[in-house]
Amino acid sequence: MQYWLMKSEPDEVSIDDALEASDQTVPWTGVRNYQARNFMRDAMQVGDGVLFYHSSCPQPGIAGVAEVASTPYPDDTQFDRKSKYFDPKATRENPRWMLVDVKAIRKTRLVTLDELRSHADLGGMQILKRGNRLSITPVTPDEWRHIARLL
DNA sequence: GCCAACGTTGGC
DNA sequence: GCCAACGTTGGC
């Protein structure tokens with residue numbers, strides 16, 4: 001069992017959108033970074049805990065709790081010419097981008113970046129590091145427990 | 001909209 | 001394999 005923080009732009013998929021989806025589950029489409037892909041493809045297990053993070057919005061922060069709900073499979077948007085996530089170098093035989101399904105468990109109060117920064121125990125979180133851009137990052141069990149108490 | 005940080009691309 | 005140029009991310 002591992003823990004993860006996954007960023008989503010609420011304009012695209014918010015925690016509310018995920019909760020309203022069928023089975024409260026959404027495919028985590030659009031990741032086009034190899035490190036983030038590798039986490040989904042190689043490291044995630046069904047049932048892993050997920051902090052659902054809202055980014056690129058007026059109030060960035062942790063907005064909900066979710067879990068990994070599938071094994072990895074190809075991200076369909078890479079094959080769709082009309083999608084902004086289309087990748088001309090990807091083929092069905094040789095997909096480049098893999099994803100997992102994420103099942104929303106519950107919406108939480110918004111734990112903002114400022115609040116996260118105010119907790120010394122969370123100082124090591126990747127999301128708080130300068131220049132961090134990775135949309136999926138591992139969360140340690142200690143960080144998970146600490147954040148769970150804030151929610 | 002700005003811009004620092006960082007990933008990717010491609011010429012060499 | 002280096003590295004400059006370019007593109008993207010994401011908080012502010």
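# Briefing: fold, pocket and DNA contacts

Ser56 counts as exposed because its relative accessibility is 58% (exposed is over 50% relative accessible area, buried under 20% and partly exposed in between, with a 1.4 Å probe and protein chains only). This is a predicted model, in which local features need pLDDT of at least 70, side-chain atom pairs count only at pLDDT 80 or more, and totals for chains, interfaces and linings use all residues. Residues are numbered from 1 along each chain as its sequence is written, chains are lettered from A and ligands numbered from 1 in the order in which they are written, and side-chain values use heavy atoms, with hydrogens and water left out.

**The annotated domain**

- An unreviewed UniProt entry carries the annotation "domain: EVE" for residues 2-149 (positions follow the numbering used here, feature names are shortened, and annotations may be inferred rather than shown by experiment).
- That span, residues 2-149, is 20% helix and 29% strand (DSSP runs numbered from the N terminus: H or I of at least four residues for helices, E of at least two for strands).
- From end to end, the C-alpha atoms of residues 2-149 lie 18 Å apart.

**Where the DNA sits**

- Which residues surround DNA strand B? They are Asn33, Tyr34, Arg130, Gly131 and Arg133 (a residue is near a strand or molecule if one of its heavy atoms lies within 4 Å of it).
- By class, the surface near DNA strand B splits into 1 nonpolar, 2 polar and 2 charged residues (Ala, Val, Leu, Ile, Met, Phe, Trp, Tyr, Cys and Pro are nonpolar, Asp, Glu, Lys and Arg are charged, and the others, Gly among them, are polar).

**The largest pocket**

- The largest pocket holds about 480 Å³ of space (an open set of points on a 1 Å grid over the protein atoms alone, where a 1.4 Å probe fits, with protein on both sides within 12 Å along at least five of seven lines; lining residues have an atom within 4 Å of a point). Its volume is the space filled by probe spheres set on the points, which are joined across faces, edges and corners.
- There are 20 lining residues, and Lys7, Thr29, Gly30, Tyr85 and Ser135 lie nearest the centre of the largest pocket.
- The lining of the largest pocket comprises 7 nonpolar, 7 polar and 6 charged residues.
- Strands β1 (3-8) and β2 (25-27) each supply at least two residues of that lining.

**Buried residues and their partners**

- Thr137, in strand β8 (residues 136-139), counts as buried because its relative accessibility is 3%.
- Beyond its neighbours within four places in sequence, Thr137 is in contact (heavy atoms within 4.5 Å) with Tyr3, Trp4, Leu5, Phe39, Gln126 and Asn132.
- Tyr3 belongs to strand β1 and is buried at 17% relative accessibility.
- Ala18, in helix α1, has 1% relative accessibility, so Ala18 is buried.
- Outside the four places either way in sequence, the contacts of Ala18 are Val13, Gln24, Thr25, Val26, Phe52 and Ala104.
- Is Thr77 buried or exposed? Thr77 is buried, at a relative accessible area of 17%, and is found in the loop between β5 (73-74) and β6 (98-99).
- Not counting residues up to four places away in sequence, Thr77 touches Thr29, Gly30, Arg32, Ser83, Tyr85 and Phe86.

**Distances across the fold**

- Tyr3 and Arg92, 89 residues apart in sequence, are 30 Å apart in space, C-alpha to C-alpha.
- For Ala18 and Ala120, 102 residues apart in sequence, the C-alpha to C-alpha distance is 31 Å.
- Thr77 and Leu5 are 72 residues apart along the chain, with 22 Å between their C-alpha atoms.

- Ser56 is not a glycine, although its phi is positive, at about 50 degrees. Ser56 sits in the loop between β3 (49-54) and β4 (61-68).
- Gln24 also has a positive phi without being a glycine, at about 55 degrees. Gln24 lies in the loop between α1 (15-20) and β2, and counts as partly exposed because its relative accessibility is 29%.
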